[in-house]
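Work through the exercises below with the model open. Each task is followed by a worked solution.

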Amino acid sequence: MDLKDKVILITGASSGIGKSLAEEFASRGANVVLGARQYVKLCEISDNIIKKYNVKSLAIQLDVTNEEDCRNFVNQALYSMGKIDVLVNNAGISMRALFNDLDLKVLRQIMDINFWGTVYCTKYALPELLKVKGSVVGVSSIAGYKGLPGRTGYSASKFAMNGFLESLR
């Protein structure tokens, strides 16, 4: 797949898989828009990408649990880059606890980040992605296809995300 001059938005880009994806896409000539809560860290990553790979990179503070943040993330990317070719819904958290011991606030937080963050970002990026025949990506887990012991909340959030993206596809 030729990524030269493609514009790729990545949520949860300040560490882990998101950061690695940003670097990999940039190394293949893609311009990247990075979103995460840790704005200073994102700016450092973005600056390093620009210097190392000679592509465009933009850091945008983003809390995927906030619908307005997701709308702004997409709108700022469009304004700065002119298009969107790929949205990578990567932001996510995990948890381990038996359901009997689980505080329901934790379950709500996991659903807000892993599921609703994907829904919000996809909702606002989709019109542009349809124009360019772009792609929506969801970073999932085996726990999104098979319930795992001690992972009720995490599995539920990834099952929901997978179901949403499968239906969208």
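**Exercise 1.** By class, how many nonpolar, polar and charged residues does the lining of the second largest pocket have?

Solution. The model is predicted, so local features need pLDDT of at least 70 and side-chain atom pairs count only at pLDDT 80 or more, while totals for chains, interfaces and linings use all residues. Residues are numbered from 1 along each chain as its sequence is written, and side-chain values use heavy atoms, without hydrogens and water.

Step 1: Ala, Val, Leu, Ile, Met, Phe, Trp, Tyr, Cys and Pro are nonpolar; Asp, Glu, Lys and Arg are charged; the others, Gly among them, are polar.

Step 2: read the lining. It has seven nonpolar, five polar and three charged residues.

Step 3: locate the pocket. Its volume is about 320 Å³. Of its 15 lining residues, Val136, Leu165, Glu166, Leu168 and Arg169 are the closest to the centre. A pocket here is an open set of points on a 1 Å grid over the protein atoms alone, where a 1.4 Å probe fits, with protein on both sides within 12 Å along at least five of seven lines; lining residues have an atom within 4 Å of a point.

Step 4: assign elements. Helix H4 (104–132), strand E5 (135–138) and H5 each supply at least two lining residues. H5 gives the largest share, four residues.

**Exercise 2.** Describe the largest pocket.

Solution. Step 1: volume. The largest pocket holds about 430 Å³ of space.

Step 1: centre. Of its 26 lining residues, the closest to the centre are Gly12, Asn90, Ala91, Gly92 and Ile93.

Step 2: elements. Helix H1 (16–27), strand E2 (31–36) and helix H5 (152–168) each contribute at least two residues to the lining. The largest share, three residues, is from H1.

Step 3: classes. The lining divides into 10 nonpolar, 13 polar and three charged residues.

**Exercise 3.** Why is the pair of phenylalanine 115 and tryptophan 116 edge-to-face?

Solution. Step 1: apply the rule. Rings of Phe, Tyr and Trp (its six-membered ring) pair if their centres lie within 6.5 Å; planes under 30 degrees apart count as stacked, over 60 as edge-to-face and the rest as tilted.

Step 1: The ring centres of phenylalanine 115 and tryptophan 116 are 5.0 Å apart and the planes stand at 70°, so the pair is edge-to-face.

Step 2: widen the view. Phe115, Trp116, Tyr120 and Phe164 form one aromatic cluster. The count of aromatic pairs is three.

How values were computed. Grid points are joined across faces, edges and corners, and a volume is the space filled by probe spheres set on the points.
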